[in-house]
Amino acid sequence: MDPVRIGILGLGTVGGGTVSLLRRNAESLQRRLGRPLKVSRVAVNDPNKPRSVELEGIDVTTDAEAVCTDPEVDIVVELVGGVDNAEPLVRKALNSGKPVVTANKALLAERGNELFRYAGEQGVDLAFEAAVAGGIPIIKALREGLAGNRIQSVHAIANGTANYILSRMRTEAMAFDDALTEAQELGYAELDPTFDVDGIDAAHKLALIAAVAFGAPINYEALTIEGIRPITAEDIAFADEMGYRIKLLAITKHGPDGGIELRVQPALVRTDTMLASVEGVFNAVQVIGDAVGPTLYYGPGAGADPTASAVVGDLVDVARTLGAPPQYRVPYLGFHAEGMQEPRWAPIEEVETEYYLRLQAQDQPGVLAQVTRILAEEGISIEAMRQKEPRPEASDVPVVLLTHTTRERAMRRALDAIDRLDVINGPSQMIRLEEVEE
Ligand code: NDP
Ligand code: HSE
């Protein structure tokens with residue numbers, strides 16, 4: 001049987017992992033597909049860089065465009081990353097009639113609508129399982145396995161680096177920067193690690209998740225994004241004492257006023273939930289469908305082998321339908337083009353949750369009375385309040401509050417007023433508390 005010839009752009013963490021996995025599992029892949037999958041060409045930036053992966057029999061070039069147009073390549077795998085540099089390569093491959101497999105969530109979150117339209121015009125596939133949650137086949141689950149459902153909500157720990165940092169800060173009392181350095185050394189972090197810690201990478205993934213969950217065009221602009229930089233070791237410890245873990249959550253769900261929420265934010269989740277127990281580089285995606293109820297998908301969210309697992313899964317899918325008419329393939333986002341609908345994306349002010357607040361208050365009489373008066377004026381009811389030990393040399397003390405369910409609009413107004421009090425050294429910390437149904 002003739003092999004399916006693969007051209008890979010990029011031989012970094014994921015590219016190297018993909019070449020090595022295709023070699024290691026060549027026999028079982030051939031048994032699944034009925035044909036061998038053969039890497040024929042690879043493009044890199046620096047041909048002199050030492051590579052740990054075996055490249056015998058593979059043509060290595062610095063001309064990525066040549067791989068995209070090579071008639072001897074059947075499928076192109078884009079693993080160079082970035083948006084402006086990757087887009088022309090993907091277009092070139094699609095334009096040459098070649099299906100593309102990519103792990104590039106930034107590219108698809110920002111330019112996916114145009115690229116899927118273009119792939120459709122060319123009549124070829126554009127597969128992206130590896131772009132979301134590393135080794136977890138969540139795109140396949142949402143597009144195919146859960147197709148019978150109307151999706152109610154998705155709560156995801158979708159960035160391995162951020163989860164790794166939060167886990168290490170809690171269990172090893174590690175400083176933020178040291179934990180980030182470790183994650184970079186392990187190959188988890190993006191080229192620009194601010195994407196990981198500022199929630200941007202999780203937001204790219206959430207934009208794709210929401211599109212396949214709700215049959216909506218990708219809308220990265222509709223997202224509210226907050227990262228983990230403002231989370232202190234103190235917040236992690238206070239949350240722990242109260243029975244919560246802090247996780248960076250990517251959330252999309254029907255909001256109280258009927259709009260669809262789309263937000264990436266650090267959140268308190270109860271310690272006895274499955275999401276709270278997801279530690280290190282692991283990701284988890286909790287999906288509630290109207291028929292199935294709550295489901296949870298768990299696995300490694302980054303790294304060479306896990307991400308290669310998703311890339312190779314896509315390669316097998318795409319190779320199976322090579323040359324087949326488009327109606328024999330699953331639509332890119334799981335919904336027929338005519339079935340796609342732009343929902344009303346809910347603004348953040350419509351969100352309703354409980355809140356964790358940490359205020360830095362002057363230790364003097366009457367301070368808490370002023371704070372509770374402001375909260376009461378906004379109709380915010382307090383569930384718990386604790387004054388903590390002052391930090392050494394500090395003129396203020398941390399006061400931690402948990403509220404009952406509140407509208408974000410009211411909470412923001414209240415916090416503005418609290419931070420204007422002379423007796424509060426703002427800005428105060430506000431973290432949402434997410435009740436995830438299990
Ligand atoms: P790396 O930085 O490790 O690798 C990038 C590779 O692309 C390098 O081999 C580099 O070459 C090559 N490259 C860059 N520009 C060009 C170009 N113009 N022509 C040819 N080769 C080029 O990135 P990752 O492997 O970590 O990530 C790749 C993609 O996968 C990204 O989109 C990322 O978001 C995504 N991803 C990454 C995950 C991970 O765990 N790392 C997990 C899931 C998705 P050279 O080696 O010569 O410098
Ligand atoms: N930098 C990403 C993460 C890689 O840490 O999750 C996987 O997409």
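This is a predicted model: local features need pLDDT of at least 70, side-chain atom pairs count only at pLDDT 80 or more; totals for chains, interfaces and linings use all residues.
Ala173 is found in the loop that runs between H7 and helix H8 (176-185). Its backbone has a positive phi of about 50°, although Ala173 is not a glycine. Most residues other than glycine have a negative phi.

Ala133 also has a positive phi, here about 60°, and is not a glycine either. Ala133 lies in the loop between strand S6 (126-127) and helix H6 (138-145). With a relative accessibility of 0%, Ala133 counts as buried, because this value is under 20%.

## Domains

The domain assignment divides the chain into domain 1 (4-137 + 304-339), domain 2 (146-299) and domain 3 (351-433). Domain 1 is given as two segments of sequence, 4-137 and 304-339. The centres of domain 1 and domain 2, taken over C-alpha atoms, are separated by 26 Å. In the contact between these domains, domain 1 takes part with 17 residues and domain 2 with 23 residues.

## Ligand 1

Several polar atoms of the protein approach the oxygen atoms of ligand 1. A backbone N or O atom of Gly303 is 2.7 Å from an oxygen atom of the ligand. For Asn45, a polar backbone atom is 3.0 Å from an oxygen atom of ligand 1. Lys105 takes part through its side chain, with a polar atom 3.3 Å from an oxygen atom of ligand 1. On its own, ligand 1 has 910 Å² of accessible area, and the protein covers 84% of this area.

## Ligand 2

The shell around ligand 2 includes Lys105, Asn159, Gly160, Thr161, Tyr188 and Ala189. Glu190, Asp196, Asp201, Lys205, Gly301 and Ala302 are also among the residues around this ligand. By class, the shell has three nonpolar, four polar and five charged residues. In the side chain of Asn159, an N or O atom is 3.5 Å from an oxygen atom of ligand 2. A backbone N or O atom of Gly160 is 2.7 Å from an oxygen atom of ligand 2. A polar backbone atom of Tyr188 lies 2.6 Å from a nitrogen atom of the ligand. Taken alone, ligand 2 exposes 260 Å², of which the protein buries 94%. Helix H7 (160-171) and helix H10 (200-214) are the elements that give two or more residues to this shell.

## Two buried threonines

Thr295 is placed in strand S12 (residues 293-300). This threonine is buried, because its relative accessible area of 15% is under 20%. The side chains of Thr295 and Tyr297 are joined by a polar contact of 3.0 Å. Apart from neighbours within four places in sequence, Thr295 is in contact with Leu146, Val285, Gln286 and Val287.

Thr353 belongs to strand S13 (residues 352-362). At 4% relative accessibility, Thr353 counts as buried. When residues up to four places away in sequence are not counted, Thr353 touches Arg263, His404, Thr405, Thr406, Arg432, Leu433 and Glu434.

## A cis peptide bond

Is the peptide bond from Gly426 to Pro427 cis or trans? This bond is cis, with omega near 0°. Most peptide bonds are trans. Pro427 is found in the loop between helix H14 (408-419) and strand S17 (429-433).

How values were computed. Residues are numbered from 1 along each chain as its sequence is written. Chains are lettered from A and ligands numbered from 1 in the order in which they are written. Side-chain values use heavy atoms; hydrogens and water are left out. A polar contact is a pair of N or O atoms within 3.5 Å; within protein, one must be able to donate a hydrogen and the other to accept it, and residues adjacent in sequence count only if both atoms are side-chain atoms. Accessible areas come from the Shrake-Rupley method with a 1.4 Å probe; for residues, only the protein chains shown count as cover. Helices (H or I, at least four residues) and strands (E, at least two) are DSSP runs, numbered from the N terminus. Buried means under 20% relative accessible area, exposed over 50%, partly exposed in between (1.4 Å probe, protein chains only). Contact means heavy atoms within 4.5 Å. A residue is near a molecule or strand if one of its heavy atoms lies within 4 Å of it. Ala, Val, Leu, Ile, Met, Phe, Trp, Tyr, Cys and Pro count as nonpolar, Asp, Glu, Lys and Arg as charged, and the others, Gly among them, as polar. Domain bounds come from an automatic or database domain assignment.
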